[in-house]
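Dear colleague,

I am handing over the structure below, and after it you will find my notes on what turned up when I went through it. Please read them alongside the coordinates.

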Amino acid sequence: MYQSKAYAASSATSPLASTTVARRDPTEHDVQLEILFCGICHSDLHQVRNEWKEVMPTVYPCVPGHEIVGRVTRVGSAVTKFKPGDIGAVGCLVDSDGTCPECKAGLEQFCPNITLTYNFPEKHIGGVTYGGYSDSIVADERFVLRVPANLNLAGTAPLLCAGITTYSPMRHWGVTKGKKVGVVGLGGLGHMATKFAHALGAHTVVFTTSPSKKDDALRLGADEVVLSRDANEMAKHAGSFDFILDAVAAQHDINAYIQLLRRDGNITLVGAPEQPLPVSAFALIFGGRSLSGSPIGGIPETQEMLDFCGQHNITADVEVIPIQKVNEAYERLVKSDVKYRFSIDMASLKAE
Ligand code: NAP
Ligand code: ZN
């Protein structure tokens with residue numbers, strides 16, 4: 001075991017503060033990364049504040065962060081994919097059983113014996129896993145991704161969650177040229193969804209509650225932008241969408257979007273608000289429409305997404321901050337005041 005510098009929350013109401021946490025020394029299949037950048041996902045905030053207590057209660061101290069890019073510092077004797085000095089990336093998963101049908105299909109996100117990057121039992125040294133608001137992390141090489149050399153690292157970190165979470169359902173539901181696709185909520189996930197829908201050739205419509213984001217939505221790849229609080233603007237799109245991705249982090253009326261789907265259209269929820277969302281049975285029944293959810297993505301698809309980003313030169317639009325500004329960043333995230341992802345420059349942790 002060794003000690004790693006980190007920022008942790010000690011309760012649902014305390015700010016994140018500097019600390020150290022114990023991590024395992026790399027075992028034979030492990031890779032150790034010096035973390036260079038870590039994105040701030042709204043899930044970090046939900047988890048730190050114990051907003052998902054019914055489903056995933058938070059264990060304190062909690063070190064969040066699952067959008068990690070770093071430099072390899074040590075590798076175990078059996079590691080073949082990486083050597084010290086390489087750049088590697090870690091997302092929301094750090095382990096799975098590797099033997100179940102889901103793992104064999106490359107769908108590790110559905111493995112019943114998954115280990116998430118933070119707030120999950122640490123099988124080697126006990127306690128819980130600690131995430132990327134830290135100077136280092138250790139993970140099995142199966143869960144360490146390769147980063148295309150042309151990508152900016154600060155903007156690459158958010159691809160590990162916001163990227164794969166939006167790319168995966170778009171691939172699953174066949175987003176391509178000739179399809180009309182909606183993206184609800186222009187936050188960290190939504191802005192990646194907009195870039196992907198555009199790159200996949202779909203007619204892309206962004207729904208936002210923030211009039212100030214209209215120009216950005218167009219710049220990010222939207223063909224049209226709808227202010228979702230304007231009923232007339234919404235009505236113009238009734239019954240016309242093949243697919244809508246809902247990436248809203250708070251309570252909102254999803255029935256207003258179900259109405260916009262054409263026959264057989266699908267709306268997929270990736271946003272995970274604290275409270276259940278009421279669904280109109282009639283909105284689904286009359287149009288033969290469907291409502292789904294989607295969690296992150298499997299490891300092969302995460303690598304595919306990173307390679308796709310390399311080919312299309314796609315990264316997140318980031319505001320790079322030092323770790324010392326993390327609590328301020330959380331306050332701004334709640335107000336949807338970030339364009340469009342915070343990426344923590346982990347070199348700032350050296351000052352602690
Ligand atoms: P974010 O950056 O805070 O973006 C959320 C966006 O939702 C905001 O920018 C805002 O967009 C919109 N919004 C916020 N409050 C709203 C309200 N009251 N009514 C309507 N719209 C509102 O968050 P994120 O990091 O993208 O994460 C989004 C959600 O996805 C979170 O719940 C997160 O936990 C979840 N998530 C799920 C997965 C998964 O695997 N399924 C993975 C990662 C994250 P506008 O200003 O454009 O309206
Ligand atoms: Zn996330």
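**Salt bridges**

E331 is partly exposed, with a relative accessible area of 41%, and please keep in mind throughout that this is a predicted model. The side chain of E331 meets that of R49 in a salt bridge, with 2.9 Å from N to O. Because E331 belongs to helix α11 (residues 326–334) while R49 sits in the loop between α1 (42–48) and β4 (68–75), the pair ties together parts that are 282 residues apart in sequence. R49, for its part, is also partly exposed, at a relative accessible area of 28%.

A search of the whole structure gives 19 salt bridges, and a few others deserve a description. One of them joins K123 to D95, whose closest N and O atoms are 3.4 Å apart. This pair too links distant parts of the chain, since K123 is in the loop between β7 (115–116) and β8 (136–140) and D95 is in strand β6 (residues 93–95), 28 residues apart.

Another salt bridge is formed by D264 and R263, where the closest N and O atoms are 3.7 Å apart. D264 counts as exposed at 54% relative accessibility, and R263 counts as exposed at 63%. Elsewhere, salt bridges that share partners join K195, D216, R219, D317 and K339 into one network.

Which residues coordinate the zinc ion (ligand 2)? The donors are C41 through SG, H66 through NE2 and C161 through SG, at 2.0 to 2.2 Å, and in sequence these donor residues are spaced C-x24-H-x94-C. C41, in the loop between β3 (30–40) and α1, and C161, in the loop between α3 and α4, form a pair that links distant parts of the chain, 120 residues apart. C41 counts as buried at 3% relative accessibility, and C161 is buried as well, with a relative accessible area of 5%.

Ligand 1 is surrounded by 30 residues, of which the closest are T208, T209, S210, K213 and R341. The backbone also approaches ligand 1 in several places: a backbone N or O atom of G188 lies 2.9 Å from an oxygen atom of the ligand, and a polar backbone atom of G187 is 3.5 Å from an oxygen atom of ligand 1. In the case of S294, a polar backbone atom is 2.9 Å from a nitrogen atom of ligand 1.

**Helix α10**

After α10 comes N313, whose phi is positive, near 55°.

**Backbone features to inspect**

Most residues other than glycine have a negative phi, and most peptide bonds are trans. Against that background, I would draw your attention to the following places.

A cis peptide bond joins Y60 and P61, with omega about 0°, and P61 lies in the loop between α1 and β4. That loop also holds N50, whose phi is near 55°, a positive value in a residue other than glycine; N50 is buried, with a relative accessible area of 18%.

The peptide bond from K339 to Y340 is likewise cis, with omega near -15°. Y340 lies in the loop between α11 and β17 (341–345), while K339 is one of the members of the salt-bridge network described above.

Finally, D264, the partner of R263, has a phi near 75°, again a positive value in a residue other than glycine. D264 is found in strand β14 (residues 261–269).

Notes:
Residues are numbered from 1 along each chain as its sequence is written. Chains are lettered from A and ligands numbered from 1 in the order in which they are written. This is a predicted model: local features need pLDDT of at least 70, side-chain atom pairs count only at pLDDT 80 or more; totals for chains, interfaces and linings use all residues. Side-chain values use heavy atoms; hydrogens and water are left out. A salt bridge is a side-chain nitrogen of Lys or Arg within 4 Å of a carboxyl oxygen of Asp or Glu. Helices (H or I, at least four residues) and strands (E, at least two) are DSSP runs, numbered from the N terminus. Buried means under 20% relative accessible area, exposed over 50%, partly exposed in between (1.4 Å probe, protein chains only). Donors are N, O and S atoms within 2.8 Å of the metal (3.2 Å for Na, K and Ca); water is not among the atoms, so sites may look incomplete. A residue is near a molecule or strand if one of its heavy atoms lies within 4 Å of it. A polar contact is a pair of N or O atoms within 3.5 Å; within protein, one must be able to donate a hydrogen and the other to accept it, and residues adjacent in sequence count only if both atoms are side-chain atoms.
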